[in-house]
Amino acid sequence: DQVVLYHSCGPATSAQQGDESLHQRACQAVSDVVLAEATKKLPAPLQAGVQSIVDSQDAPGGLTNTGERHGAEMIVLGARGLGRMQGLLLGSVSSNAVRSSHVPVLVVRGVPAASGPLRVLLAYDPLHGGQLADFLGKLAWPQDAVGELASVIESMLPSHLPDWIV
């Protein structure tokens, strides 16, 4: 297994464009700290082979492009949980990455408390169940992990339900 860590500082703003080298140095300094901390949190066997990439593209585009260039089989990213309004105003890296990626994207909201076995709910489209099973077989799961499957089908109801149904 190989882990590629990606950090984007985003493109330079108009105020930063006057001194592009200053923006690049600041980006690299922040990225070095962020990526070093992320590497420390990986299991020891994965730390040695970590590849770190620093970029100045917009985060969702750069993330999915980097995933494609490196043949990633999955992109994992966190969600800050800005809320609906802030997400609409600022955009959501995780939402945009999910929409634009050609590989599975796992969005992690916080770290679950370690109380008992890992419990996972997998939802899948019945047309692609076989592909999902093949992909999941490649992942390393804790021995005590517990999983449940849910088949997701498109609703046959109109998008707006009449008041008398609700």
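Predicted model: local features only at pLDDT ≥ 70, side-chain atom pairs only at ≥ 80, totals over all residues.
Student: Where in the chain does Ser101 lie?

Tutor: Ser101 sits in the loop that joins α5 (93-100) to β4 (105-108). Residues are numbered from 1 along each chain as its sequence is written, and side-chain values use heavy atoms, with hydrogens and water left out.

Student: Is Ser101 buried or exposed?

Tutor: Let's begin with the words. Buried means under 20% relative accessible area, exposed means over 50%, and partly exposed is in between (1.4 Å probe, protein chains only). Ser101 has a relative accessible area of 14%, so it is buried.

Student: What does the side chain of Ser101 reach?

Tutor: A polar contact is a pair of N or O atoms within 3.5 Å; within protein, one must be able to donate a hydrogen and the other to accept it, and residues adjacent in sequence count only if both atoms are side-chain atoms. Here the Ser101 side chain reaches the backbone oxygen of Val103, at 2.9 Å. Then there is plain contact, which means heavy atoms within 4.5 Å. If we skip neighbours within four places in sequence, Ser101 is in contact with Thr64 and Ile75.

Student: Which residues make up the largest nonpolar core?

Tutor: A nonpolar core is a set of buried Ala, Val, Leu, Ile, Met, Phe, Trp, Tyr and Cys residues joined through side-chain atoms within 4.5 Å. The largest one here has six: Tyr6, Ile53, Leu63, Ile75, Leu77 and Ala97. Apart from it lies another core, of five residues, including Val3, Leu5, Leu35 and Leu42.

Student: How many helices and strands are there, and how do I read their order?

Tutor: The chain has six helices and six strands. Along the sequence they follow the pattern β-α-α-β-α-β-α-α-β-β-α-β. Of the 166 residues, 19% count as buried. Contacts tell you about the fold too: among those with a separation of 6 or more, 74% are between residues 24 or more positions apart.

Student: How many disulfides does a search of the whole structure find?

Tutor: A disulfide is a pair of cysteine sulfur atoms within 2.5 Å. The search finds one. The partners are Cys9 and Cys27, with sulfur atoms 2.1 Å apart. Cys9 is in the loop between β1 (4-8) and α1 (20-40), and Cys27 is in helix α1, so the link ties together parts 18 residues apart in sequence. Cys9 is partly exposed, at 26% relative accessibility, whereas Cys27 is buried, at 10%.

Student: What about charged pairs?

Tutor: Look for a salt bridge, a side-chain nitrogen of Lys or Arg within 4 Å of a carboxyl oxygen of Asp or Glu. A search of the whole structure finds one. Glu37 forms it with Lys40, and their closest N and O atoms are 3.1 Å apart.

Student: Which residues of α3 are buried?

Tutor: They are Pro60, Gly61, Gly62, Leu63, Thr64, Thr66 and Gly67. Their cover includes β1, β2 (51-55), β3 (75-78) and α5. Gly67 itself, found in α3 (residues 59-69), has a relative accessibility of 10%. Just after α3, Gly71 takes a positive phi of about 65°.

Student: What does the side chain of His7 make a polar contact with?

Tutor: His7, in strand β1, makes a polar contact with the side chain of Ser31, at 2.6 Å. His7 is buried, at 16% relative accessibility. Beyond four places in sequence, His7 is in contact with residues including Val30, Val34 and Ile53.

Terms used:
Helix = DSSP H or I, 4+ residues; strand = E, 2+ residues; numbered from the N terminus.
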